[in-house]
Amino acid sequence: MKKLLLILSVILTILTFAGAIYVLTSNGTANAGYAAVPLLFDIVCIGGYKAYKNKE
């Protein structure tokens, strides 16, 4: 489970930066949710990873 959370956090971090770049290059026509939603799930995955890491 710990490895899965780490992999998901890396993927979601990449998606967050891709969404931010898309929003910035679209001259404000794209919704900021393209960057905010992956960031939210990324924070959850990182928190879960830290919780599993501290258990050991």
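**Exercise 1. Find the aromatic pairs in this predicted model and classify their geometry.**

Solution. A search of the whole structure gives 1 aromatic pair. Its members are Y22 and Y34, with ring centres 5.3 Å apart and ring planes at 85°. Planes over 60 degrees apart count as edge-to-face. The angle of 85° is therefore assigned to the edge-to-face class.

**Exercise 2. Which parts of the chain does the pair of Y22 and Y34 tie together?**

Solution. Start with Y22, which belongs to helix α1, residues 2-25. Then place Y34, which belongs to helix α2, residues 33-55. The pair therefore links parts that are 12 residues apart in sequence.

**Exercise 3. Decide whether Y22, Y34 and S26 are buried, partly exposed or exposed.**

Solution. The cut-offs are under 20% relative accessible area for buried and over 50% for exposed, with partly exposed in between. Y22 has 43%, so this residue is partly exposed. Y34 has 48%, so partly exposed applies here too. S26 has 14% relative accessibility and therefore counts as buried.

**Exercise 4. Where is S26 found, and which backbone oxygen does its side chain reach?**

Solution. S26 sits in the loop between α1 and α2. From there, its side chain reaches the backbone oxygen of V23 at 3.0 Å.

**Exercise 5. Name the residues of the nonpolar surface patch and describe the setting of L4.**

Solution. The patch is made by M1, L4, L8 and Y52 and covers about 380 Å². Of these residues, take L4: its place is in helix α1. With 46% relative accessibility, L4 counts as partly exposed.

Terms used. Residues numbered from 1 in each chain as written. Predicted model: local features only at pLDDT ≥ 70, side-chain atom pairs only at ≥ 80, totals over all residues. Heavy atoms only, no water. Phe/Tyr/Trp six-rings, centres within 6.5 Å; stacked < 30°, edge-to-face > 60°. Helix = DSSP H or I, 4+ residues; strand = E, 2+ residues; numbered from the N terminus. Buried < 20%, exposed > 50% of the residue type's maximum accessible area, 1.4 Å probe, protein only. Polar contact = N/O pair within 3.5 Å; in protein donor to acceptor, adjacent residues only side chain to side chain. Patch = residues over 30% accessible without salt bridge, like charges linked within 9 Å, V, L, I, M, F, W, Y side chains within 5 Å. Areas by Shrake-Rupley, 256 points an atom, 1.4 Å probe, with all protein chains shown as cover. Salt bridge = Lys/Arg side-chain N within 4 Å of Asp/Glu carboxyl O.
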